[in-house]
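Where does the ligand sit, and what surrounds it?

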Amino acid sequence: TGSVIIVGAGHAGFQLAASLRQAGFAERIALINDEGHLPYQRPPLSKAYLKGTGGPESLMFRPDKFYQDNKIELITDRAHAIDRNARKVALASGASLDYGHLVFATGARNRLLDIPNAKLDAVRYLRILDESQALRDLIAPGMRVVVIGAGFIGLEFAATARAKGLEVDVVELASRVMARAVTAEISEFSQSRHSAAGIRIHLGVQVTAIEADGGKVTGVSLSNGTHIPADLVVVGVGVLPNVELAAEAGLPVASGIIVDEHLLTADPNVSAIGDCALYTSKRFGGSLRLESVQNATDHARCVASRLTGKTEVYDGLPWFWSDQGPDKLQMAGLTTGYDRVVVRGDRAQGAFSAFCYRGDKLLGIESINRAGDHMFGRRLLGAGGSITPEQAADASFDLKSALA
Ligand code: FAD
């Protein structure tokens with residue numbers, strides 16, 4: 001294989017370097033890292049880290065010594081251009097690296113708002129450690145924040161901000177929260193919990209402008225004519241995959257860097273993994289680009305296997321979690337295309353799961369405070385299994401019996 005050069009040191013890039021060494025890969029591994037921190041975990045940025053008092057080191061996957069001990073070169077720089085004929089990566093600093101195999105693990109970046117005053121200092125985003133740190137230092141009881149977007153990150157931030165005593169409004173264009181990702185059962189439950197915590201949720205409306213006075217944010221205007229006063233605006237309206245470097249190198253990209261079922265691009269010396277990769281899914285048929293820790297780490301492990309001689313088709317089962325206030329949402333499988341939802345558990349008690357079916361086939365399980373259902377789903381769906389809607393609905397049906 002020769003040297004493996006990994007562009008991006010997030011969840012996917014870090015895991016690939018670690019898994020390669022674990023599998024006995026003996027050649028050069030360089031991890032190009034354009035953030036000024038050791039590789040770290042992103043999920044706590046909108047959860048525990050934002051809420052807590054721990055320092056950045058609490059987020060790091062491994063201490064500095066790990067990289068030295070494992071001869072993983074962490075290069076603080078930005079990959080600037082790829083020459084695929086010469087197999088070279090040019091870095092922003094002017095340095096250049098030769099590769100035997102190149103891996104794009106470039107992740108995604110925030111989609112920016114394009115409305116009046118969106119560039120003011122009090123308009124914030126939440127993707128990287130520095131942004132989370134700045135928000136953590138900024139938010140204080142009594143402050144008024146408008147969160148734009150009721151997706152996972154918007155709602156996680158909203159719940160944390162509310163718990164810290166802020167006045168919180170959430171504005172969402174869709175008619176329910178997390179509409180793209182979860183069933184109406186979960187949306188409704190989540191919405192009622194956030195409302196009960198004192199968060200005001202505005203659905204079916206758009207923020208048309210951020211109002212400011214002398215550069216200081218004073219509020220937002222909505223498409224229905226409403227004005228919400230605010231000191232701070234936090235935007236969570238999705239991400240864009242970082243595909244430009246690959247595209248400039250002449251690799252096919254669409255809504256991600258296009259890779260096959262082995263996570264290889266059109267160039268046999270170049271792979272792409274994690275949030276930036278649009279991969280051919282054997283499990284689901286068609287192309288998928290997912291944004292999750294599971295996807296990033298399982299992609300990384302698959303490529304590490306291939307580069308150490310065990311080529312296998314990528315077939316990871318998607319799973320995901322989101323902590324919002326006191327509630328833990330977990331998802332197993334992909335529920336796209338469901339036509340029937342069976343609820344198991346007790347919605348009133350705040351512990352239930354939505355089993356999503358197409359016909360009689362179980363596609364996925366969304367759980368609220370039901371970790372057992374979630375783990376069951378990962379095992380069952382991972383093995384290609386299913387249970388009938390009647391079994392799912394029957395509280396006396398023993399899920400474990402379906403795993404035997
Ligand atoms: P990233 O982690 O984005 O890493 C890519 C890295 O590449 C970045 O450091 C980027 O700066 C760098 N890079 C890009 N271009 C270059 C270049 N040219 N040169 C050098 N470096 C470059 N997922 C879950 O499953 N559960 C959760 O609860 C959850 N919560 C989240 C909360 C927040 C606030 C965020 C932002 C994400 C959350 N996610 C969660 C999603 C998860 O973090 C991502 O799916 C995961 O980080 C993807 O890993 P990645 O390595 O593909 O990309």
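Domain bounds here come from an automatic or database domain assignment. The model is predicted.

**Ligand site**

Domain 1 (4-108 + 239-307) and domain 2 (112-235) both give residues to the shell around the ligand, so the ligand lies between them. The shell has 33 residues. Asp 34, Glu 35, Lys 47, Arg 127 and Asp 275 come nearest. By type, the shell divides into 15 nonpolar, nine polar and nine charged residues.

| Residue | Protein atom | Distance to a ligand oxygen |
|---|---|---|
| Ala 12 | backbone N or O | 2.8 Å |
| Ala 105 | polar backbone atom | 3.5 Å |
| Arg 127 | side-chain N or O | 2.7 Å |

Taken alone, the ligand exposes 1000 Å². The protein buries 95% of that.

**Enclosed space**

How many cavities of 30 Å³ or more does a search of the whole structure find? It finds one. The largest cavity holds about 80 Å³ of space. Its lining includes Met 178, Phe 189, Arg 193, Gln 324 and Ile 368. Helix H6 (184-196), strand E22 (319-324) and strand E23 (327-333) each give two or more residues to this lining. H6 gives the most, with five. The lining residues divide into five nonpolar, four polar and two charged.

Key: Residues are numbered from 1 along each chain as its sequence is written. This is a predicted model: local features need pLDDT of at least 70, side-chain atom pairs count only at pLDDT 80 or more; totals for chains, interfaces and linings use all residues. Side-chain values use heavy atoms; hydrogens and water are left out. On a 1 Å grid over the protein atoms alone, a cavity is a set of points where a 1.4 Å probe fits but cannot get out, and a pocket is an open set with protein on both sides within 12 Å along at least five of seven lines; lining residues have an atom within 4 Å of a point. Grid points are joined across faces, edges and corners, and a volume is the space filled by probe spheres set on the points. Helices (H or I, at least four residues) and strands (E, at least two) are DSSP runs, numbered from the N terminus. Ala, Val, Leu, Ile, Met, Phe, Trp, Tyr, Cys and Pro count as nonpolar, Asp, Glu, Lys and Arg as charged, and the others, Gly among them, as polar. A residue is near a molecule or strand if one of its heavy atoms lies within 4 Å of it. A polar contact is a pair of N or O atoms within 3.5 Å; within protein, one must be able to donate a hydrogen and the other to accept it, and residues adjacent in sequence count only if both atoms are side-chain atoms. Accessible areas come from the Shrake-Rupley method with a 1.4 Å probe; for residues, only the protein chains shown count as cover.
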